[in-house]
Amino acid sequence: MAFTIQFIIDVLSLGGAYALMALGLVIIYGILRLVNFAYGELIMVAGYTMYLSSGSGLPWIVMASLAVAMAVVFGIFTDYAAFRPVRAKSVTAVLITSFAFSNLLQNAALLFISPRPRNVPLPPIFSQTVEIGGAITPVRNLITIAASIVLLAAVAYLMRKTTLGIAMRAAATNFTMARMLGVPANLIISSAFALSGFLAGVVGILWIGRIGTVVPGVGLEPLLVAFIATVIGGMRSLPGAVVGGFLLALIDTTLNYTLPQDLLKFRDAFTFTLVILILLWRPAGLIKGPASGQRT
Amino acid sequence: MKHSYITAALLIGLIAALVVGTELLGIRLYDRIVTNLLISLVLVIGLQTFMGNSGLLSFAHIGFMGFGAYTSAVLTIPAQMKGMALPDLYGFMTAVEVSPLLAMLVAGIVAAIVAAIVAYPLMRLSDAAAVITSFALLVVLYTVMNNWSAFTNGPRTLFGLPKTTTLPMAAIVAALVVVVALVFKESRTGKLLRASREDEVAAAALGADIPKLRWKAFVLAAFIAGVGGALWGHFITSFAPKSFYLKETFLVITMLVIGGANTVTGAVAGAILVTFAYEGLRSLEGTLNATAAGAGQVVGLTEIVLAIAMIAFMILRPGGLFPTREIGHILARMRRKKETSA
């Protein structure tokens with residue numbers, strides 16, 4: 001029983017974080033058909049903002065909000081620096097600029113801050129544990145679950161009920177038609193980047209809360225997770241991203257518990273092999289999104 | 001077809017000129033830089049055979065280079081050194097010791113076989129999904145290299161490879177690879193693949209089996225990467241898995257993109273240009289680090305400049321320096337134009 005509860009909490013907390021990461025990526029992909037390689041660096045930006053503000057004596061929640069705000073700012077900045085100038089060009093061109101931009105941010109952190117890990121301030125609640133039904137679990141896992149439920153609900157509401165969300169979905173389905181009907185393209189794209197940055201910021205705090213430190217390469221793992229979750233879920237579907245995130249967490253956690261010790265270090269290889277098998281069965285991912293996709 | 005011969009002749013001539021020039025100068029540092037350049041050239045052209053013809057970005061290339069390097073290492077490290085260099089190696093492998101040339105060939109074949117197996121499902125994917133999975137594939141290959149201690153000595157540095165890669169040797173391999181890439185480009189597979197790059201739907205309607213075509217190109221690219229990896233391994237003689245990860249991937253893609261992914265000429269031009277820029281920036285970093293203000297803290301400057309250059313290229317000249325035509329083709333056209341105007 002305790003094991004079952006432990007397992008469920010593990011899957012839900014990991015899955016919640018994965019789902020948020022994937023959602024932030026797929027919001028951009030859905031509208032612009034572009035893969036944002038610099039997405040992981042938004043998480044890095046949130047982490048370094050926490051580190052840089054740690055000496056200021058502000059309450060933790062203010063620092064956290066500041067970190068999220070910086071991630072949003074950098075999200076919008078990504079749009080202006082790496083995407084807007086090449087939006088009308090080939091998919092490959094956009095991929096390359098975002099890859100280059102990601103490298104740019106990472107190396108800027110190397111050059112201006114430090115290659116070594118930096119401590120991030122965390123409230124004591126992040127390191128406490130509680131006992132639920134016989135299973136001992138860190139409180140931060142419960143925080144992650146709560147945060148992901150709230151955020152997923154909020155994003156669902158935003159996308160379904162508000163004008164902005166409906167306009168974004170319209171743009172994702174048929175960009176040209178949406179523009180003809182008066183949806184302001186640049187505003188929609190910038191808000192998508194802002195929303196993506198917001199999700200990255202929150203995920204960044206939750207993710208870095210697990211590790212406690214930030215390094216320039218901290219964004220790589222979340223980026224990969226988001227990539228794989230979106231590919232499994234279906235590249236253009238928001239619910240797909242969430243499903244993909246939870247499924248990936250389920251695979252990861254199961255492997256964590258079942259693989260023998262000497263094979264555990266190959267876990268990533270196993271996970272990605274499973275992903276390849278899923279793609280073999282359904283090349284378009286589990287949930288199909290809207291069919292078309294133009295960017296201009 | 002005829003201008004392919006001109007292109008091949010010019011590019012090989014360029015490689016030969018580089019080698020002869022360096023040998024005449026006789027400065028060891030330049031010798032190193034040019035050998036490095038030629039190895040990069042092999043890798044970049046390898047990537048070009050896949051990316052240029054299929055139009056898909058592949059991140060996994062450097063992973064196959066790593067597989068090649070490790071294959072060649074396991075086959076060539078002298079038997080008496082194996083106990084130290086690879087303590088966990090399977091018993092029957094310890095006695096194996098083949099010539100570096102044969103090992104290089106085997107390295108290419110091993111990389112190609114791995115690519116042939118893993119790429120079969122991946123080639124069915126298109127644009128973004130294909131790119132993302134190739135990125136995931138790089139991580140898988142890296143994880144395997146980092147953890148398969150029996151063959152790779154884990155994340156620790158593997159040493160003891162015989163240093164057999166010389167400047168002329170690298171030049172010969174580079175010249176061969178130029179020819180292979182040009183032949184592949186003009187072959188039936190290459191032409192069909194380029195048709196699918198321009199218009200996937202139209203090419204499929206004409207009967208092109210796109211996943212299969214891509215698969216062939218991918219396997220060829222992996223073979224070249226494996227050979228390049230072996231070449232590099234015998235040049236550098238000691239390396240760790242982290243030599244085959246994102247930093248190198250970024251560098252190879254920068255070279256190809258700046259030169260122009262669609263042409264072999266572009267791959268050559270990009271490799272040469274970026275290598276010189278890279279070496280220049282590295283020495284600048286070194287100089288800055290030696291000053292009081294830098295104080296050993298300047299890292300990543302090279303990558304920042306290259307990243308900015310790459311973004312600028314994508315905005316101003318998205319096809320790179322040689323976006324569509326090979327150098328031979330450009331020269332032939334210029335001559336024809338002159339004749340018609342005269």
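This report walks through a predicted model with a chain A and a chain B, from overall shape to a few local details.

## Ground rules

Residues count from 1 along each chain as its sequence is written, and chains are lettered from A, with ligands numbered from 1, in the order in which they are written. Since the model is predicted, local features need pLDDT of at least 70 and side-chain atom pairs count only at pLDDT 80 or more, while totals for chains, interfaces and linings use all residues.

## Chain A as a whole

Let's start with chain A, which has twelve helices and four strands. Helices here are DSSP runs of H or I with at least four residues, strands are runs of E with at least two, and both are numbered from the N terminus.

Of the 296 residues of chain A, 51% are buried. Buried means that 20 or more other C-beta atoms lie within 10 Å of a residue's own, exposed means 12 or fewer, and partly exposed is in between, with C-beta atoms placed from the backbone. Among contacts in chain A with a separation of 6 or more, 78% join residues 24 or more positions apart. Two residues are in contact if their C-beta atoms, placed from the backbone, lie within 7 Å.

## Transmembrane regions from the record

An unreviewed UniProt entry lists "transmembrane region" at several places in chain A, including residues 58-78 and 142-159. Such annotations may be inferred rather than shown by experiment, and the positions follow the numbering used here. In the model, residues 58-78 of chain A are 90% helix and 0% strand, with end C-alpha atoms 28 Å apart. Residues 142-159 of chain A are 100% helix and 0% strand, and their end C-alpha atoms lie 26 Å apart.

## Where the chains meet

The contact uses 38 residues from chain A and 35 residues from chain B. On the chain A side, α4 (91-112), α9 (220-233) and α12 (267-281) each supply at least two residues. The top contributor there is α4(A), with 14 residues. By class, this side of chain A has 29 nonpolar, five polar and four charged residues. Nonpolar covers Ala, Val, Leu, Ile, Met, Phe, Trp, Tyr, Cys and Pro; charged covers Asp, Glu, Lys and Arg; the others, Gly among them, are polar.

Helix α12 of chain B (residues 246-259) has 14 residues and reaches 20 Å from first to last C-alpha, close to the 20 Å expected at 1.5 Å a residue. The expected span is 1.5 Å times one less than the number of residues. Twelve of the 14 residues of α12(B) are buried, so this helix is largely enclosed by the rest of the structure. Among them are B:F250 and B:M255. Just after α12(B), B:G260 has a positive phi of about 120°.

Helix α5 of chain B (residues 100-122) has 23 residues and reaches 32 Å, close to the expected 33 Å. There is a kink of about 30° in α5(B), centred on B:A116. The bend at a residue is the angle between axes fitted to the seven residues ending there and the seven starting there.

Most residues other than glycine have a negative phi. B:N153, in the loop between α7 (149-152) and α8 (167-186) of chain B, has a positive phi near 65°. B:N153 counts as buried, with 23 C-beta neighbours inside 10 Å.

B:T237 also has a positive phi, about 65°, although it is not a glycine. B:T237 sits in the loop between α11 (210-236) and α12 of chain B and counts as partly exposed, with 17 C-beta neighbours inside 10 Å.
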